[in-house]
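Look at the fold below.

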Amino acid sequence: MKKQPTTTAEYMESEAAFQTWVVDYARLRGWLTAHVRDSRGQDATGMPDLVLARAGVVLLIELKAEGGKTTKAQAVWLAASGNHLYRPSDRLELMGLLA
């Protein structure tokens, strides 16, 4: 069952604000971070927003605001990589993953 946002801030948080929080938290937990700003026009079209690496583990993470939708190319990348889409309402799950 899809989790619903629990606070007004989660309903209103932009993708950019959420991404800033994710990058800051990941770095605090010792992850190397790389952000793919715009993959349109490149071979990696649809590549997830963030690449995180720590201790031999690499994560490809797509971030969206609560109502944001993935493109077909993003869905292909997510399915192929086995990684996930996270929204502000998934913050606790993401914190556990990055701990």
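The largest nonpolar core holds 14 residues, and Leu50, Leu52, Ile61, Leu63, Leu94 and Leu98 have the most contacts inside it. Such a core is a set of buried Ala, Val, Leu, Ile, Met, Phe, Trp, Tyr and Cys residues joined through side-chain atoms within 4.5 Å. Two or more residues each come from helix 2 (15–28), strand 2 (50–54), strand 3 (57–63) and helix 4 (91–98). Helix 2 gives the largest share, five residues. Helices (H or I, at least four residues) and strands (E, at least two) are DSSP runs, numbered from the N terminus.

This is a predicted model: local features need pLDDT of at least 70, side-chain atom pairs count only at pLDDT 80 or more, and totals for chains, interfaces and linings use all residues. Residues are numbered from 1 along each chain as its sequence is written, and side-chain values use heavy atoms, leaving out hydrogens and water.

Take Leu94. Beyond its neighbours within four places in sequence, Leu94 is in contact (heavy atoms within 4.5 Å) with Phe18, Trp21, Val22, Ile61 and Tyr86.

Now strand 3. Five of its seven residues are buried, meaning under 20% relative accessible area with a 1.4 Å probe, protein chains only. Strand 3 pairs with strand 2 in the antiparallel sense over five bridges; pairing requires at least two DSSP bridges between the strands. Here Leu50 stands opposite Ile61. Two residues lie between the strands of this hairpin, and Ala55 takes a positive phi near 50 degrees.

Strand 3 also pairs with strand 4 (residues 85–86), in the parallel sense over two bridges. Tyr86 is the bridge partner of Leu63.

Terms used. Buried < 20%, exposed > 50% of the residue type's maximum accessible area, 1.4 Å probe, protein only.
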